[in-house]
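I opened this notebook to record what I looked up in one structure. The entries follow the order in which I looked.

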Amino acid sequence: MEYTVQKLASLAGISTRTLRYYDEIGILKPARINSSGYRIYSKKEVDRLQQILFYRELDVSLERIKEIVTDPSFDGAAALREHREKLLEKKKQLDLLIANVDKTIALTEGRMKMADKEKFDGFKKKMIEENEKKYGKEIRQKYGNDRVDQSNEKVMNMTEEQHDEVTELAKNITMTLAEAFKTGDPGGELAQKAAELHKQWLCYYWTEYSKEAHAGLAQMYVDDERFTAYYDKEQPGTAEFLRDAIYIYTGKKL
């Protein structure tokens, strides 16, 4: 079975413009161009489009999807199994949010009581899953599954008050670090205050604190471009400055 752009777009529920864009960026090329100049897609391209749309549903960027599906070692069957697991995780999150909404409706109608903790379970679950998607592989390789799972459990058990505290603490870290960066001295009073605040912030998520793990995380902020981009978004060099401040704070040699 072969499809024109119009027919494939209709089949997949996307626009013809999207298919043409996928062709332009090299993520989904047609099987051939017919004598009339129309793009023609075969079963192979249909299967790839399905994979692309699965990844898009999981909020993977087009750039990353292109890297995945054009990799010579790409395994379509394995990818489908992975998609299934990710979609099941997403389903669990949605089920939790729906249950949360149902309970809240019942609460407002006076049909039941709802603990404050329950009101935020769905959102905390979403935060955990977003962090897993972004950084889970690297963090689990560095600290192990047990430690990460314990940290996630601690987040799920966090009270509303604790959530407010750690949110405020994160703001203080950002402000203190920005001021400390201006001094250029990672061993200075402000920089060391930022390192101390960062330790306090970590203790809301970690089940136990160690200077070695703190220093290792600080190095990851420099080694991983995603962390670096987060800290350097206002002032380039901030991630390295924080790493140096934490190294000094934990007694690790620069």
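**Entry 1: the sheet**

I looked up strand β2 and found that β2 and strand β3 (residues 39-41) pair in the antiparallel sense over two bridges. I take strands as DSSP runs of E of at least two residues and helices as runs of H or I of at least four, numbered from the N terminus; two strands pair if DSSP finds at least two bridges between them. The model is predicted, so I note that local features need pLDDT of at least 70 and side-chain atom pairs pLDDT 80 or more, while totals for chains, interfaces and linings use all residues. Residues are numbered from 1 along each chain as its sequence is written, and side-chain values use heavy atoms, without hydrogens and water.

Arg32 stands opposite Ile40 in β3. The open sheet has three strands in the order β1-β3-β2, with antiparallel pairing. Its edge strands, β1 (3-4) and β2 (32-33), each pair on one side only.

**Entry 2: salt bridges**

I counted eight salt bridges, each a side-chain nitrogen of Lys or Arg within 4 Å of a carboxyl oxygen of Asp or Glu. Asp23 forms one with Lys29, the closest N and O atoms being 3.1 Å apart. Asp23 also meets Arg39 in a salt bridge, at 2.6 Å from N to O. Asp23 lies in helix α2 (residues 16-24) and Arg39 in strand β3, so this pair ties together parts 16 residues apart in sequence.

I then looked up accessibility (buried under 20% relative accessible area, exposed over 50%, partly exposed in between; 1.4 Å probe, protein chains only). Asp23 is buried at 9%, whereas Lys29 is partly exposed at 47%.
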